[in-house]
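Q: Hi! Could we go through this one together, a few strands at a time?
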Amino acid sequence: MVFTGMDGDSMELENPKQNIHVEVHVKSHSTAKLSEVRIHVLGLLNRHSMIFGNYRWAEFDEDFLQKHVESVAIVDQEELVTQPLDLKSCSVSVHIFTLNEDGPSTLSLEEDEELSAANHWLLPAAEFHGIWESLVYESQVKTQLLDYITTTIFFSDKKVDSNLISWNRVVLLHGPPGTGKTSLCKALAQKLSIRLSSRYSYGQFVEINSHSLFSKWFSESGKLVTKMFQKIQQLIDDKDALVFVLIDEVESLTAARSACQAGTEPSDAIRVVNSVLTQLDQIKRHSNVVILTTSNVTEKIDLAFVDRADIKQYIGPPSEKGIYNIYLSCLEELMKCQIIYPRQQLFSMFELETMGFAKSEVSEHSLNLRNIAVKSKGLSGRALRKLPFLAHALFVKTPTVILERFLEAMDQAVDKQMEEKANLVNDV
């Protein structure tokens with residue numbers, strides 16, 4: 001069996017059927033060389049070559065891995081859930097990383113003023129760890145976004161003439177609030193900083209709040225916008241870094257233009273917007289930058305900006321299956337922490353479907369969870385992740401609880417959430 005190097009460079013096997021990505025999270029205090037980590041990880045994969053879809057090792061059968069490695073994970077293989085995976089027939093890319101424990105810093109524009117342009121993280125960041133796995137979508141949204149960024153890098157490597165084949169390095173995620181758009185942007189940046197570690201030593205993530213930007217910067221016209229992007233340009237100039245720029249609530253661009261055209265804002269506002277668009281057009285020329293944007297109000301997005309987006313991906317509320325998977329991950333976490341105790345088996349949605357949703361003693365809890373998921377349709381992903389906490393706080397109120405009782409509490413918490421949602425709608 002032949003595996004790739006620690007930098008993720010794939011080596012072709014005989015008749016490779018699948019490209020598999022293995023992420024190796026090294027402990028922050030480890031002093032081991034990456035080459036040593038690689039050797040021991042490949043040994044682990046040799047000993048456990050048959051796996052089922054995504055698989056994660058957090059406990060190891062040898063001292064070196066126990067001392068230096070937090071986890072080894074085979075990732076992004078959801079489509080293979082129906083069949084076992086034989087690593088010996090695959091091309092395996094190994095990505096070794098440590099997490100940056102520092103929190104966000106601020107990009108300031110004026111030394112004598114606390115005028116914050118954006119928040120800034122070094123990637124991979126401990127703060128973003130686990131977000132990718134927590135986001136559940138029906139279609140292959142996450143895979144498609146990964147493939148898009150990979151192609152932008154590939155086209156740049158091949159020096160494809162962007163005047164003949166156009167791409168702008170701009171992604172637009174739109175949809176209702178609470179569906180995880182901003183989290184997906186952060187998770188995507190984190191994932192790519194790990195996945196592309198063979199090319200870039202680290203990632204940079206810059207988050208701009210456009211609502212704050214436009215409310216504060218009108219009086220200074222486009223000058224401060226230019227200063228902000230000069231700061232970002234300094235990050236881009238480091239070719240060892242992969243830079244992600246996130247603009248939240250990008251519909252604020254439209255708000256500024258509309259207000260100006262209606263005569264309700266000074267003409268300076270339109271210069272701010274035009275300056276932002278001009279700066280975006282300039283930085284897209286660099287191969288190591290990706291622009292990520294989100295919008296809650298689709299119909300108000302500036303058409304001038306929409307035209308620049310290569311991907312316009314709708315992110316909607318989770319489906320019944322997505323809700324079930326979100327709840328399942330929450331309950332697994334609570335069982336791991338022994339808040340729900342003792343641990344009891346819960347089936348995946350695929351396993352329930354395979355059983356024809358037949359009711360039995362072993363499937364009862366899983367079917368109850370499915371019923372709760374059906375009742376929860378219409379709640380945002382943000383609300384769903386909060387619901388197990390509310391169930392415990394409002395309806396359990398004891399340090400530990402059995403699974404059956406916790407499911408009852410979740411059912412009550414869903415009823416309460418739906419009632420509150422209805423009351424808010426009536427008030428509006």
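Q: Which residue in E12 is the bridge partner of Val 171?
A: Leu 292 is the bridge partner of Val 171. A quick note on the source: this is a predicted model, where local features need pLDDT of at least 70, side-chain atom pairs count only at pLDDT 80 or more, and totals for chains, interfaces and linings use all residues. Residues are numbered from 1 along each chain as its sequence is written, and side-chain values use heavy atoms, with hydrogens and water left out.

Q: And how do E9 and E12 run, parallel or antiparallel?
A: Strand E9 (residues 170-174) and E12 run parallel, joined by 5 bridges. Strands here are DSSP runs of E, at least two residues, and helices are runs of H or I, at least four, numbered from the N terminus. Two strands pair if DSSP finds at least two bridges between them.

Q: What is the bridge partner of Leu 246 in E12?
A: Leu 292 again. Strand E11 (residues 241-248) pairs with E12 in the parallel sense, over 5 bridges.

Q: Is E12 buried or exposed?
A: Buried: 7 of the 7 residues of E12 (residues 289-295) are, so the strand is largely enclosed by the rest of the structure. Buried means under 20% relative accessible area, exposed over 50%, partly exposed in between (1.4 Å probe, protein chains only).

Q: New topic: where does Ser 71 lie?
A: Ser 71 lies in strand E4 (residues 69-75), and Ser 71 is buried, with a relative accessible area of 5%.

Q: What is the strand order in the open sheet of 4 strands?
A: The order is E3-E4-E1-E6, with mixed pairing.
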